[in-house]
Amino acid sequence: MLPFRSLLFSPGSDARKLARAATSGADALIYDLEDAVAPSARAQARRAVAEALARTDRPPVFVRPNHPDTGEMYADLDAAVGPHLYGVVLPKVETVDEMRRLDEALAEREARHDMALGSVVVLPLVESCRGLRVAYDIAVSSLRVVGLAFSSGEDGDFMADLQGEWTPAGEAMMYPRSRLVCDTRAAGLWWPVDGVCMSLDDDATLERECALARVLGYQAKMAIHPAQLPVIHRAFTPSPEDVTRSRELLAAYARAESDGSGAVRHEGRMVDRANVLRAERIIARADGVAALGGYR
């Protein structure tokens, strides 16, 4: 699993936006066949997505199909699943059975294309209080699951279900955001993904949302416009200072360990194995981001 920091949505019915997304600088793309597509445009959107997936000069692509209960998911997957598809963002997940149906549908289509079983990963999108209630069960329901995503948007499905009120500080979403991160980690997954910021012309709001998500443990954020990507990338990329401090901490701990000590005083703090693990993860994430192209 690559250390994607950003996932940029593009409506499947707009071939021009699908093409532009390929050069946006996003770490990964989401071709949307669900909310961004009118029912009357679904057939055309599937054709456009299939054509866009055939092009290889772009970042990895996830497709968001319609929910299994709509009856549209299978046609969406017919159009999308193939050797050029990286993953599926399943919307409005609330039960393990929905995950089972997706898993079976993917397996059938992987076999048709002579792909290895499990080639297509899944990122479930939690958009309701009921979905949050079973987030851990959803996360462990399939080996395809690489993380959990949360619908944290100001006017998104989760806020509508919660009947809360959006504020700049994000008070209404604090518990559900944190709960999703904890369930992701408890499932042994490292990639909780925060939802979109609805403010397109307000970098301060986006920066505030990214900072809050990062403090809570999120590793990435979804975007609805390429202009949001630089802010998202800065927020979810370890700074050079963080990397330097992490390397120095590891060196200090290694010296202490060679002297037979399990903890060491470093820069006025006691450092033990938990600090070492955090430092190692910061360095690993920085290395992974560098492999993606750094601050794109």
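Asp69 is exposed, with a relative accessible area of 55% (buried is under 20%, exposed over 50%, partly exposed in between, with a 1.4 Å probe and protein chains only). The model is predicted, so local features need pLDDT of at least 70 and side-chain atom pairs pLDDT 80 or more, while totals for chains, interfaces and linings use all residues. Residues are numbered from 1 along each chain as its sequence is written, and side-chain values use heavy atoms, without hydrogens and water.

**Exercise 1. Which residue forms a salt bridge with Asp69, and where do the two partners lie?**

Step 1. Asp69 pairs with Arg101 in a salt bridge, at 2.9 Å from N to O (a side-chain nitrogen of Lys or Arg within 4 Å of a carboxyl oxygen of Asp or Glu).

Step 2. Arg101 belongs to helix H4, and Asp69 to the loop between strand E3 (61-64) and helix H3 (73-80), so the bridge ties together parts that are 32 residues apart in sequence. Helices (H or I, at least four residues) and strands (E, at least two) are DSSP runs, numbered from the N terminus.

Step 3. Helix H4 covers residues 96-112.

Step 4. With neighbours within four places in sequence set aside, Arg101 is in contact with Pro68, Asp69, Met73 and Tyr74 (heavy atoms within 4.5 Å).

**Exercise 2. Which residue bridges to Asp35, and which network holds the pair?**

Step 1. The partner of Asp35 is Lys92, and the closest N and O atoms of this salt bridge are 3.4 Å apart.

Step 2. The bridge connects distant parts of the chain: Asp35 sits in the loop between strand E2 (28-32) and helix H2 (42-54), and Lys92 in the loop between strand E4 (87-90) and H4, 57 residues apart.

Step 3. A network of salt bridges links Asp32, Glu34, Asp35, Arg64, Lys92 and Asp157.

Step 4. Lys92 counts as partly exposed, because its relative accessibility is 27%.

Step 5. Over the model, the count of salt bridges comes to 27.

**Exercise 3. Which residues have the most contacts inside the largest nonpolar core?**

Step 1. The largest nonpolar core has 57 residues (a set of buried Ala, Val, Leu, Ile, Met, Phe, Trp, Tyr and Cys residues joined through side-chain atoms within 4.5 Å).

Step 2. Tyr31 and Val63 have the most contacts inside this core.

Step 3. Apart from residues up to four places away in sequence, Val63 touches Tyr31, Leu33, Val49, Leu53, Ala80, Leu85, Gly87, Val88 and Val89.

Step 4. There is a second, separate core of 18 residues, and Leu7, Phe62, Val89 and Val121 are among them.

**Exercise 4. What is the phi of Lys92, and what is that of Asp114?**

Step 1. Most residues other than glycine have a negative phi.

Step 2. Lys92 is not a glycine, yet its phi is positive, at about 55 degrees.

Step 3. Asp114 is likewise a residue other than glycine with a positive phi, near 55 degrees.

Step 4. Asp114 lies in the loop between H4 and strand E5 (121-126), and counts as exposed because its relative accessibility is 74%.
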